Amino acid sequence: MVKKKKGNSFKLLSLFLFLGLCVGDGGIGIGIGDDGIWIGGGGGGGGGNPNSGPGSAPKQQTNAAYTALQSWKSAITEDPSGVLKTWVGEDVCSYNGVFCSGSSVTAIDLNKANLRGTIVKELSLLSDLNILHLNSNRFYGQIPDSFKTLDSLQELDLSNNRFSGSFPQVTVFIPNLVYLDLRFNSFTGSIPENLFNKQLDAILLNNNQFTGEIPRNLGYSSASVINLANNKLSGEIPTSFGITGSKLKEVLFLNNQLTGCIPESVGLFSDIEVFDVSFNSLMGHVPDTISCLSEIEVLNLAHNKFSGDLPNLVCSLRNLINLTVAYNFFSGFSSDCSRVSVGFDFTGNCIPGKGYQRPEPDCSAIPGSSLSCLRIPAQPLTCAALSVGLKVTP
């Protein structure tokens, strides 16, 4: 009896498979269970919710990603290299520059694609997006406020584009962002103070048109790299600079309009490797505390208005490779400075007996000679004591 039932089922199944081939793309659903054979519609026309069942979550994610990327594609007006030719169909993980984990879009890398267009708010539908790299394109306009809902976004690189307007404040509210690169755009206005309260590892704002003063809480940033070069920032370097003893490794303030002194607290950056404040209008002495920067490799103080003697201990720093103090008003330096392995440039100063210095009339009136900079009367300088004396509550 059992054998006969199986034989009949097999004959029926063969018949229905044949019928299924004749139905077309819609197809029919066929299965064998304990109660015999079942037949159902394969798609459309009330066959049930196609998103129901175990695959519903991935399907919904794919639909959202498709909506987001197609909306963005429609806002891109020029694609001379044909990068977006593959952006067709619902398989978004096959698109050029789109990277997935499972069915979720986790990264978009369109660096150097030469695309022209705007950034659309629908990109916030990519809830699992971790990396967005758009370096070297021609995107313009604003960054949508909807970006603050991108909870997974950690790296945002919008450098080398044509963005403009004020600082994109929405970036401060992206909750888990650790890398922010806005270099080489046309942003204007001031840099917001709350940027330096955010737990960022890299803050790259150079080559824009930012104005105003550097926020006072700069020294409390957790970043290892801060680049504010080639803007129009004015005022003094904040006295908070270095107070927290953060793990800052590179700081670049070159080519701005900064004035005043270098804060003594700079010596608290024990891990700093690059410090460049060239092409500003900084004055006064170079603080002895720079000699506490035991890891520094590049120190560039050129094209300012520093005066006095270059501290002896500065040239004794064991890792110092390049020291540039050209075009200031220094009157002397230690013989230790000659040991700097790659370069020690002291041209254009007021050092007696040295070549390529300023003419004597220029050295008779030292700019900023009346400027009073805080000095720590510690001889010899003890870097450990410095950290105790300078750390204050913000």
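**Exercise 1.** Is Phe344 buried or exposed?

*Solution.* We're working with a predicted model here. Start with the number: Phe344 has a relative accessible area of 18%. Next, recall the cut-off: buried means under 20%. So Phe344 is buried.

**Exercise 2.** Which disulfides can you find, and how many are there?

*Solution.* Look for cysteine sulfur atoms within 2.5 Å of each other.
- Step one: the sulfur atoms of Cys93 and Cys100 are 2.1 Å apart, and these two form a disulfide.
- Step two: Cys350 and Cys363 form a disulfide too, with 2.0 Å between their sulfur atoms.
- Step three: the count comes to two disulfides.

**Exercise 3.** What handedness does the link of Cys350 and Cys363 have, and why?

*Solution.* Check the torsion about the S-S bond: it is about -90°, so this disulfide is left-handed. Now see where the two cysteines sit. Cys350 is in the loop between strand S25 (343-345) and helix H3 (360-363), while Cys363 is in helix H3 itself, so the pair ties together parts that are 13 residues apart in sequence. For the other disulfide, Cys93 and Cys100, the value is -100° about the S-S bond, and that link is left-handed.

**Exercise 4.** Which cysteines are buried, and which are partly exposed?

*Solution.* Use the limits again: under 20% is buried, over 50% is exposed, and partly exposed is in between.
- Cys93 has 30% relative accessibility, so it counts as partly exposed.
- Cys100 comes in at 28%, so it is partly exposed.
- Cys350 has 12%, so it counts as buried.
- Cys363 has 17%, so it is buried.

**Exercise 5.** How are Phe167 and Phe210 arranged as an aromatic pair?

*Solution.* Begin with the total: the structure holds ten aromatic pairs. In this one, the rings are 6.0 Å centre to centre with 45° between the planes, and the pair is tilted. Then place the residues: Phe167 lies in the loop between strand S10 (162-166) and strand S11 (179-181), and Phe210 lies in strand S14, so the pair ties together parts that are 43 residues apart in sequence. Both Phe167 and Phe210 are buried.

**Exercise 6.** Which strands does S16 (residues 232-236) pair with?

*Solution.* Go one partner at a time. Strand S14 (residues 209-213) runs parallel to S16, and three bridges join them. Within that pairing, Thr211 has Lys232 as its bridge partner. Strand S18 (residues 257-260) is also parallel to S16 and joined to it by three bridges. There, Gly235 stands opposite Leu258.

Note on methods: Residues are numbered from 1 along each chain as its sequence is written. This is a predicted model: local features need pLDDT of at least 70, side-chain atom pairs count only at pLDDT 80 or more; totals for chains, interfaces and linings use all residues. Side-chain values use heavy atoms; hydrogens and water are left out. Two strands pair if DSSP finds at least two bridges between them. Helices (H or I, at least four residues) and strands (E, at least two) are DSSP runs, numbered from the N terminus. Buried means under 20% relative accessible area, exposed over 50%, partly exposed in between (1.4 Å probe, protein chains only). Rings of Phe, Tyr and Trp (its six-membered ring) pair if their centres lie within 6.5 Å; planes under 30 degrees apart count as stacked, over 60 as edge-to-face and the rest as tilted.
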